[in-house]
Amino acid sequence: MAIEVRIPTILRNLTDDAKVVEGSGATLEELFTDLDGRYPGIGERLVEDGKLRRFINVYLNDEDVRFVGGLKAELSDGDSVTVLPAVAGGSR
Amino acid sequence: MRYDSLLDSLGGTPLVGLPSLSPSPRVRLWAKLEDRNPTGSIKDRTAFFMIEQAEKDGLLSPGCTILEPTSGNTGISLAMVAKLRGYRMVCVMPENTSAERRQLLAMWGAEVHYSEAAGGSNEAVRVAKEMAKENPDWVMLYQYGNPANARAHYETTGPEILADLPGITHFVAGLGTTGTLMGAGRYLREQRPDVRIVAAEPRYGELVYGLRNLDEGFVPELYDESVLTTRFSVPAEAALRRTRELLDREGIFAGISTGGALHAAMGVAAKAEKAGERADIAFVIADAGWKYLSTGAYEGTLEEAEDRLDGQLWA
């Protein structure tokens with residue numbers, strides 16, 4: 001199951017400068033675990049104590065994942081995930 | 001239809017189906033044509049309600065000066081109402097808004113003060129607040145925190161949509177002052193507890209913004225996240241692409257922030273279709289495209305238009 005993942009500039013040192021990578025997983029959590037297997041270290045930059053890091057925004061097909069289950073958000077083939085750093089405190 | 005004056009014709013805008021962009025007969029998109037208001041945008045409702053309330057509260061009397069930070073539409077609406085009611089109008093807007101807006105504001109007699117482009121709408125708000133301090137007799141209606149802004153949509157936009165679309169399942173609008181989503185959203189939720197209220201905001205980091213992005217650190221006083229079911233973050237490229245699709249597929253010539261709302265509406269439509277659910281999704285066409293012609297948004301390829309729009313405000 002291929003999911004397209006857009007990586008922000010600040011994390012591209014972990015993806016060999018790739019802007020877009022592919023991953024797989026039935027949930028966002030599984031996707032991040034899969035990515036961490038191939039790009040070691042990326043997982044801890046995204047997740048902390050089993051939750052999305054506060055200063056990271058993640059969008060599933062442009063929808064803020066915090067409104068659709070966070071790390072438990074369900075993914076399907078062809079979905080697009082965008083990771084962006086949040087500025088000025090990020091989440092409210 | 002006959003009205004006693006232009007202001008009396010406010011609202012009552014059409015809700016039109018989008019048969020070509022709707023995924024199926026069970027999942028339908030509906031556009032609320034807010035460009036059919038007196039000055040051509042949804043902000044006429046906001047301006048009229050805020051001025052009426054200020055008059056009732058005794059804050060405004062003929063000859064008063066109204067001050068407002070605005071990237072365009074609210075200023076144009078306020079300038080029109082101010083002109084008819086005998087007030088002087090001063091706007092603060094970012095210097096990178098389109099030429100048409102400046103001309104329109106001047107046409108309706110508003111004075112324009114510019115704030116730095118780099119600070120976007122947030123900077124315009126800051127400058128306006130400073131000017132208000134220096135001129136204590138001026139009245140800042142302040143659309144971001146004025147309950148009459150949300151009330152305009154609670155009393156008019158929301159009821160109009162429900163009357164036209166009793167089976168509404170989703171309401172989608174751009175997140176700027178948050179007035180539309182808070183006002184119409186609350187009304188619709190009261191009447192249809194299961195309705196989903198969906199916000200479309202421009203993605204942070206995009207140079208084109210105008211619809212306020214909450215992640216920039218400014219949260220309008222009107223904003224109450226509990227009203228929203230979900231939020232979409234719309235890249236400038238997607239907003240532009242959807243604006244073009246609306247024109248190509250449905251013949252609707254809308255402004256660019258409307259492309260952002262359509263993108264979110266198409267997102268929830270795709271989810272409903274996939275889940276096999278029935279959906280009637282209403283979204284807001286905030287204004288028409290006239291004011292953005294000079295930005296080049298409607299000419300050439302999408303890539304060319306994107307380059308031309310870089311650094312300009314589109315909402």
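User: What makes the radius of gyration of chain A agree with that of a compact globule?

Analyst: This is a predicted model, and the rule is 2.2 Å times the number of residues to the power 0.38. For 92 residues that puts a compact globule near 12 Å, and chain A has 12 Å, so the value agrees. Along the principal axes, its C-alpha atoms fill a box of roughly 30 × 25 × 25 Å.

User: Why are the buried residues of H3(B) said to line one face of the helix?

Analyst: Buried here takes 20 or more other C-beta atoms within 10 Å, and in H3(B), residues 99-107, that label goes to B:Arg101, B:Leu104 and B:Leu105. Looking down the axis of H3(B), you find them within an arc of 100°, so they line one face.

User: What does the face of H3(B) turned away from the buried side carry?

Analyst: Exposed residues: B:Ala99, B:Gln103, B:Ala106 and B:Met107. The buried ones pack against helix H2 (73-85), strand S4 (88-94) and strand S5 (111-115) of chain B.

User: How do you know that S4(B) and S5(B) pair?

Analyst: Pairing needs at least two bridges, and five join S4(B) to S5(B), which run parallel. B:Val90, for one, has B:Glu111 in S5(B) as its bridge partner.

User: Why are S5 and S6 of chain B called edge strands?

Analyst: The open sheet runs in the order S5-S4-S3-S6. S5 and S6 (139-140) each pair on one side only, and that makes them the edges.

How values were computed. Residues are numbered from 1 along each chain as its sequence is written. Chains are lettered from A and ligands numbered from 1 in the order in which they are written. This is a predicted model: local features need pLDDT of at least 70, side-chain atom pairs count only at pLDDT 80 or more; totals for chains, interfaces and linings use all residues. A residue is buried if 20 or more other C-beta atoms lie within 10 Å of its own, exposed if 12 or fewer, and partly exposed in between; C-beta atoms are placed from the backbone. Helices (H or I, at least four residues) and strands (E, at least two) are DSSP runs, numbered from the N terminus. The arc is that of the directions from the helix axis to the C-beta atoms. Two residues are in contact if their C-beta atoms, placed from the backbone, lie within 7 Å.
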